[in-house]
Amino acid sequence: MSRIILEARDIRYRYPRGMEAIRGISFHVRRGEKIALVGPNGAGKSTILLMFNGMIRPDSGTILFDNVPISYDRASLRTLRKSVGFVLQNPDRQIISPTVYQDVAFGPTNLGFTDEEVKEAVEGALGRVGLSGFGRRPPHHLSGGEKKRVAIAGVLAMDPDVLVFDEPTSGLDPSGSEDIMELLDELNQQGKTVIISTHDIELAYPWADRAILLLNGRILQEDVPDVAFGNPELVRKARLSMPTVLELYLELGRRGFCLPERRPKTVLDMLNVIDRAFRNKPCYTQPGSITLFDIDSSHDTDIPGWCAAHPGVPVGAMGTRAKQRAADEKIWLDFTYGVIDKCILKALLGEHSLIIVTGSMVGRVHERVREFCRENQVEIQVSSLSKRHG
Ligand code: ADP
């Protein structure tokens, strides 16, 4: 198990002229984890997150970073904020400069980077959020999702270990929300610890490694999401509703069906539960295959040519740069979120699919397909597209 990177120990806080917002909370976050603080408005989520980079100091209790209590002098806070980046709920409050470049450059410039280092940090960060080439644009002309990405790039430019997001999907449409959640997944895959607050339990459920359910400044429940969100009374108490697939699973269990032990997180998992529950013979005989195109291992493969040669084969992309590549090559994407599971679903119907993927996500695809095949005793081929096949 990895090291604890952030910890709250019995913290309490009352806003000046307000009621007690945090009433004795303790929990920890491990390096590399994806943590979701979930609860209704006013539960205390933002207040806790603001404590993690020292913007609010608890009245009592301690916040520890890397097992050391936070100090609140200017120099210590500066060092802390280099390690714990905070993305505000409203990007308009975070973006302050007339151009995207200047805005993203703000942090590294303040940290005393040279012009050359600033340029490298800004271009790197814009690339990681899929906004390469946006440097000269005025931020107030961008869409909500793009502004959010600028705010994220501004934090990434300082290369923090931990990324804290207050309501990362607020104000975004469903597709924009899914894109942001996928970006958070990608950043986590690249080694960042990611902590979010949200009241969107459906988004948090398949995403988080652990969830902390909050109400009125206290923790109601802290566990892996299928346990944290699996108690109907607690979920109702927190004025939330249970994730749909989890609710279906529990309902089937209550009706006496024999179900797999692992609780479903996605539609694919749920389908598996239903198949088992009703002892249906699956309606497919020979599963289809999944083809991977790793944009980092072969640059000259003709993807549009491959797509033209395989009409009707659905295409998904995983990773910001993979999506950018697809856009550059004018390839229509059928899937941009939950791509692996959607391709497995296709394979189960005997259909083939293509995933355009960044190098860092290739292992993830193999792992997920292998795990699914092992659990369900099916065989789905995953092959790589190289120039030879192009
Ligand atoms: P959440 O992020 O879960 O919506 P918050 O942390 O923003 O919750 O708020 C927790 C509690 O603190 C709420 O009761 C809220 O009204 C109160 N609160 C938040 N900010 C302030 C403030 N600046 N002044 C006074 N009370 C505040």
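Q: Which domains is the protein divided into?
A: Domain 1 covers 4-237, domain 2 covers 244-277 and domain 3 covers 290-389. Keep in mind that the model is predicted.

Q: How far apart are the centres of domain 1 and domain 3?
A: Their C-alpha centres lie 30 Å apart. In the contact, domain 1 supplies 15 residues and domain 3 supplies 13 residues.

Q: And what area is buried between domain 1 and domain 3?
A: About 1100 Å². Carbon and sulfur atoms give 44% of that area.

Q: Which residues in domain 1 lose the most area to domain 3?
A: Glu 182, Glu 186 and Gln 189. Together they make up 51% of what the domain 1 side buries.

Q: New topic. How many salt bridges are there between domain 1 and domain 3?
A: The count is 2.

Q: What about Asp 185, which side chain does it meet in a salt bridge?
A: That of Arg 364, at 3.2 Å from N to O.

Q: How many residue pairs are in polar contact across the interface of domain 1 and domain 3?
A: There are 5, counting pairs with both residues at pLDDT 80 or more.

Q: Back to domain 1. Which elements give two or more residues to the side that touches domain 3?
A: Helix H5 (115-128) and helix H7 (174-189). H7 gives the largest share, 8 residues.

Q: How does that side of domain 1 split by class?
A: The side touching domain 3 has 8 charged, 4 nonpolar and 3 polar residues.

Conventions
Residues are numbered from 1 along each chain as its sequence is written. This is a predicted model: local features need pLDDT of at least 70, side-chain atom pairs count only at pLDDT 80 or more; totals for chains, interfaces and linings use all residues. Side-chain values use heavy atoms; hydrogens and water are left out. Domain bounds come from an automatic or database domain assignment. Contact means heavy atoms within 4.5 Å. Buried area is the accessible area (1.4 Å probe) that two parts lose on being put together, summed over both. A salt bridge is a side-chain nitrogen of Lys or Arg within 4 Å of a carboxyl oxygen of Asp or Glu. A polar contact is a pair of N or O atoms within 3.5 Å; within protein, one must be able to donate a hydrogen and the other to accept it, and residues adjacent in sequence count only if both atoms are side-chain atoms. Helices (H or I, at least four residues) and strands (E, at least two) are DSSP runs, numbered from the N terminus. Ala, Val, Leu, Ile, Met, Phe, Trp, Tyr, Cys and Pro count as nonpolar, Asp, Glu, Lys and Arg as charged, and the others, Gly among them, as polar.
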